[in-house]
Amino acid sequence: MSEPRINWSRNEVILACAILVDNNWSAIPATDDRIVALSELLQRSPEHPVENRGDKFRNVNGVARKIADLQTHHPHYHGVPTHGSKIDLEVLAAFINDSAGMIRLARRIREEIEHGRLTTALIAEIAEDPDMAAAEGTILMASHIRRDRDPKLRRAKIARAKANGGQLACEVCGLSFEDVYGERGRDYIEVHHVTPLHVSGATTTRMSDLALICANCHRMIHRGTQWLTPTELRDIVNRQRTHAGQH
C-alpha cells in the first residue's frame with residue numbers, strides 16, 4: 001500500500017522558497033543543514049494531522065525535491081522545469097516581486113511553528129472555512145484567531161473601555177449587544193487585533209492594538225484573502241448607510 005500523498009500547503013512552500021532565496025536561487029543538496037532543519041520543522045508543524053501522515057512525510061528527500069521544483073521554475077533557471085503546483089508558482093512569483101516581504105512572512109510562519117502554540121483543531125477549523133482563507137495561509141490565520149479569542153485580552157480591553165466611560169459597542173457598525181439583547185448582552189463584545197500577525201510579528205499586545213467588534217463585523221474583516229482594518233470596514237458600512245438613505 002502506497003503512502004498517502006499530502007499536498008504542500010502555501011505555508012510550507014513559503015518556508016521552502018525562503019531557503020532558496022537564502023541560497024541565491026541555486027540548487028541545494030538534500031544533505032544541506034537547511035534542508036534537514038526545514039524537514040524537522042515541517043514534521044513538527046500541526047498543519048497536517050499526524051494520523052494522515054506516512055513515515056516519509058516531509059523527509060529530507062521530499063523537502064529537497066520540492067525546493068528543486070521551485071528552483072527550476074525561477075526565470076533565471078536554464079533547463080526544463082520539473083513538476084510545480086499552482087501554489088508553487090504563486091509563491092515563487094510573490095518572492096520574485098517582494099522578496100523582503102515574503103522573507104518576513106516566512107519568518108513569522110517559522111516562529112509560530114517553533115513556539116508550538118497552535119493546535120491541529122484550530123488550523124483545521126480555519127482551513128475549512130472559505131470565508132477566512134487569508135492569503136498568508138492557515139498557520140498565521142489560525143494564530144491571529146487564537147489571539148483574538150484570548151479571554152484575558154478581551155477582559156482587559158472591555159475593562160479599559162468601561163473605565164474610560166466608553167460604550168461597549170462595535171467600533172465598526174455601532175452595535176451594542178446590551179441594547180439589542182438586554183441583560184444577556186451586557187459586557188459582550190468580540191476583540192480583534194487590528195494588525196495581523198504577519199505584519200506585527202510576535203509582539204506584546206497593547207490596548208491600542210485591539211478593537212471592540214461585533215461578530216458580524218469581525219467576520220467581514222477576516223473574509224477573503226484581503227483583511228480589512230476596522231476603519232476600512234467602517235467606511236464601507238457608512239457608504240452603504242448613506243446609499244440606503246438616499247433611496
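Reply: Start with the covered residues of helix α7. T138, I139, L140, M141, A142, S143, H144, I145, R147 and D148 are buried in α7. Buried means under 20% relative accessible area, exposed means over 50%, and partly exposed lies in between, with a 1.4 Å probe and protein chains only. With 10 of its 11 residues buried, α7 is mostly covered. Across the chain, buried residues make up 41% of the 247 residues.

Me: Where do these values come from?

Reply: The model is predicted, so local features need pLDDT of at least 70 and side-chain atom pairs count only at pLDDT 80 or more, while totals for chains, interfaces and linings use all residues. Residues are numbered from 1 along each chain as its sequence is written, and side-chain values use heavy atoms, with hydrogens and water left out.

Me: How many helices and strands does the secondary structure of the chain come to?

Reply: Helices (H or I, at least four residues) and strands (E, at least two) are DSSP runs, numbered from the N terminus. The chain has 12 helices and two strands. Their order from the N terminus is α-α-α-α-α-α-α-α-α-β-α-β-α-α. The C-alpha trace spans about 65 × 40 × 35 Å along its principal axes.

Me: Which residues touch the most other members in the largest nonpolar core?

Reply: In soluble globular proteins, nonpolar side chains tend to be buried together. A nonpolar core is a set of buried Ala, Val, Leu, Ile, Met, Phe, Trp, Tyr and Cys residues joined through side-chain atoms within 4.5 Å. The largest one here has 37 residues, and those touching the most other members are I14, L15, L38, I67, F95 and I109. At least two residues of this core come from each of α1 (10-22), α2 (33-44), α3 (60-72), α4 (86-97), α5 (99-115), α6 (120-127) and α7 (138-148). Helix α1 gives the largest share, eight residues. Another core, of 19 residues, lies apart from it and includes F177, L212, I213 and C214.

Me: How many salt bridges does a search of the whole structure find?

Reply: A salt bridge is a side-chain nitrogen of Lys or Arg within 4 Å of a carboxyl oxygen of Asp or Glu. The search finds 11 of them. One joins E90 and R10, whose closest N and O atoms are 2.8 Å apart. E90 is in helix α4 and R10 in helix α1, so this pair links distant parts of the chain, 80 residues apart. E90 is partly exposed at 31% relative accessibility, and R10 is partly exposed at 27%.

Me: Which residue forms a salt bridge with E125?

Reply: E125 pairs with R149, the closest N and O atoms being 2.6 Å apart. Because E125 lies in helix α6 and R149 in the loop between α7 and α8 (151-163), the pair ties together parts that are 24 residues apart in sequence. E125 has a relative accessible area of 38% and is partly exposed; R149 is partly exposed at 49%.

Me: Which residues are linked with D22 in a network of salt bridges?

Reply: The network links D22, D32 and R34. Within it, the side chains of R34 and D32 meet at 3.0 Å, N to O. R34 is partly exposed at 26% relative accessibility, whereas D32 is buried at 18%.

Me: Is E12 buried or exposed?

Reply: E12 is found in helix α1 and is buried, with a relative accessible area of 2%. Its side chain makes a polar contact with the side chain of H48 at 3.0 Å. A polar contact is a pair of N or O atoms within 3.5 Å; within protein, one must be able to donate a hydrogen and the other to accept it, and residues adjacent in sequence count only if both atoms are side-chain atoms. Contact in general means heavy atoms within 4.5 Å. Leaving aside neighbours within four places in sequence, E12 is in contact with N7, L42, E47, H48, F57 and R58.

Me: What volume does the largest pocket have?

Reply: Rolling a probe the size of a water molecule over the atoms shows where empty space is left. On a 1 Å grid over the protein atoms alone, a pocket is an open set of points where a 1.4 Å probe fits, with protein on both sides within 12 Å along at least five of seven lines; lining residues have an atom within 4 Å of a point. Grid points are joined across faces, edges and corners, and a volume is the space filled by probe spheres set on the points. The largest pocket has a volume of about 530 Å³. It is lined by 22 residues, of which R5, I6, W8, R58 and R65 are the closest to its centre. The elements giving two or more residues to this lining are α3 and α4, and the largest share, six residues, comes from α3.
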